[in-house]
Amino acid sequence: MASTVAAPGLASTASGAPLRMAYLYVPNGVNVEKWKSRETLAPLEKMREHFSVIEGLEVEKATSGGDGGGDHARSNAAFLTGVRPKKTAGADISLGQSVDQYAAERLGGVTRFRSLELATDGVRKSGACDSGYSCAYQYNLSWRSETLPMTPESNPRFLFERLFGKGTGKERVEGRARRLASERSILDFVNDDAKALQKELGRGDQMKLDEYLTSVREIERRIEQAEKWTLPDTDHLNVPAGIPPNYEEHLRLMFDMMLLAFETDSTRIATFGLAHEGSNRNFNEIGVPEGHHSLSHHDRQKSKLEKIAKIDLFYTQQLAYFLEKASQKKDLDGKSILDNSMILYGSGIADGNRHAHNDLPIIMAGGGGGSLTPGKDIKLQSDTPITNLYLRMLHEMGVPSERFGDSTGVLKLT
């Protein structure tokens with residue numbers, strides 16, 4: 001399925017092909033010794049020329065900053081924002097816009113969807129999760145604003161139907177038209193009702209209503225965008241049945257959906273939390289019955305470190321699956337989708353036992369449409385903000401900025 005040629009310099013390569021970026025997050029840190037020795041990266045060996053390992057990056061805003069415990073919530077929250085979350089388990093959450101949404105807001109209507117947010121865990125936007133921090137911080141990588149997390153989709157079937165609709169090709173087109181008309185009608189009603197209600201509210205309630213109306217306006221904008229685009233031909237594709245019981249299958253289906261969205265130029269920006277930060281998922285299928293988070297507090301016990309290494313290896317196998325498929329998909333300029341992408345993979349924690357947020361395990365894959373030179377190890381000055389790398393990625397996407405989060409300058413990947 002061919003993509004459309006983009007406006008020069010705006011989420012596009014020098015050849016005019018689409019330029020994509022994706023952020024892939026894994027929780028709880030890694031077995032640092034085996035990551036540094038590259039044993040963990042063995043599944044990626046065939047793809048070595050397509051990625052770089054970057055050492056020296058940190059997420060300083062994930063540290064306590066005087067707020068005590070809660071490193072998992074802070075890691076997930078600060079990873080794409082470069083902002084320390086407000087410590088609260090109530091409704092008064094406050095963070096900052098994430099880099100994917102910063103780019104999506106400025107790219108506007110380049111694609112049918114400004115961005116996609118993927119996950120494998122259920123959605124949580126409230127309640128207490130980690131040492132007095134809201135679950136919203138721990139379960140949501142992407143943030144539209146400082147108070148509005150972007151809800152990730154974990155069901156591959158729902159994601160497919162969101163992208164392309166239900167039924168056969170003709171049924172999808174007809175169903176989409178009906179759905180858009182119905183959504184417009186509902187939005188008209190909501191807007192009228194909200195305007196009438198606004199006159200009767202006090203200042204505090206009006207602020208909450210304003211946040212709600214911001215979400216409504218975002219839906220309205222999406223409807224307007226959807227009306228401009230025709231659906232790509234997807235009749236030959238198999239529609240996912242839903243969430244499979246096997247975790248590896250689930251991950252790979254979500255990767256397939258992300259790649260399909262890139263291939264059809266439905267979006268050029270995506271985030272994917274392979275599991276939420278602090279996840280205590282077990283990995284019985286690879287001989288690790290203990291929970292991941294429990295193992296991450298290993299106290300240097302060899303048996304626990306070996307099991308963490310197995311989990312790390314499992315995750316890099318999934319990354320290898322995605323990168324290999326992306327390298328096999330041809331783009332409109334004859335290069336691969338991977339060549340025309342920037343795929344960041346990593347965690348906001350290095351050593352889970354110490355909750356270390358510096359010298360993070362970070363991989364940058366893809367050629368960025370010719371702007372990146374993958375295939376090497378890059379050693380940066382210790383404690384380089386990861387947001388410096390985000391500034392570089394924003395620059396390549398055609399939305400250069402002087403500052404993002406706690407950045408100190410645009411990173412040079414030499």
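Five cavities of 30 Å³ or more turn up when the whole structure, a predicted model, is searched. Rolling a probe the size of a water molecule over the atoms shows where empty space is left. The largest cavity holds about 130 Å³ of space. Its lining is made up of 18 residues, and those nearest the centre are L118, A119, Y139, L141 and G273. Three elements, β3 (116-119), α4 and β8 (269-273), each give two or more residues to this lining. The biggest share comes from β3, which gives three residues. Sorted by class, the lining of the largest cavity has eight nonpolar and eight polar residues, along with two charged ones.

Is S142 buried or exposed? Its relative accessibility is 2%, and buried means under 20%, so S142 counts as buried. The side chain of S142 makes a polar contact of 2.6 Å with the side chain of D100. Another polar contact, of 3.2 Å, links the side chains of S142 and Q101. If neighbours within four places in sequence are left aside, the residues in contact with S142 are S98, D100, Q101, E117, P149, M150 and T271.

Strands β9 (residues 282-283) and β10 (residues 288-291) run antiparallel and are joined by two bridges. Which residue of β10 is the bridge partner of F283? The partner is V288. Four residues lie between the two strands of the hairpin, and G287, in the turn, has a positive phi of about 80 degrees.

Definitions and conventions
Residues are numbered from 1 along each chain as its sequence is written. This is a predicted model: local features need pLDDT of at least 70, side-chain atom pairs count only at pLDDT 80 or more; totals for chains, interfaces and linings use all residues. Side-chain values use heavy atoms; hydrogens and water are left out. Two strands pair if DSSP finds at least two bridges between them. Buried means under 20% relative accessible area, exposed over 50%, partly exposed in between (1.4 Å probe, protein chains only). A polar contact is a pair of N or O atoms within 3.5 Å; within protein, one must be able to donate a hydrogen and the other to accept it, and residues adjacent in sequence count only if both atoms are side-chain atoms. Contact means heavy atoms within 4.5 Å. On a 1 Å grid over the protein atoms alone, a cavity is a set of points where a 1.4 Å probe fits but cannot get out, and a pocket is an open set with protein on both sides within 12 Å along at least five of seven lines; lining residues have an atom within 4 Å of a point. Grid points are joined across faces, edges and corners, and a volume is the space filled by probe spheres set on the points. Ala, Val, Leu, Ile, Met, Phe, Trp, Tyr, Cys and Pro count as nonpolar, Asp, Glu, Lys and Arg as charged, and the others, Gly among them, as polar.
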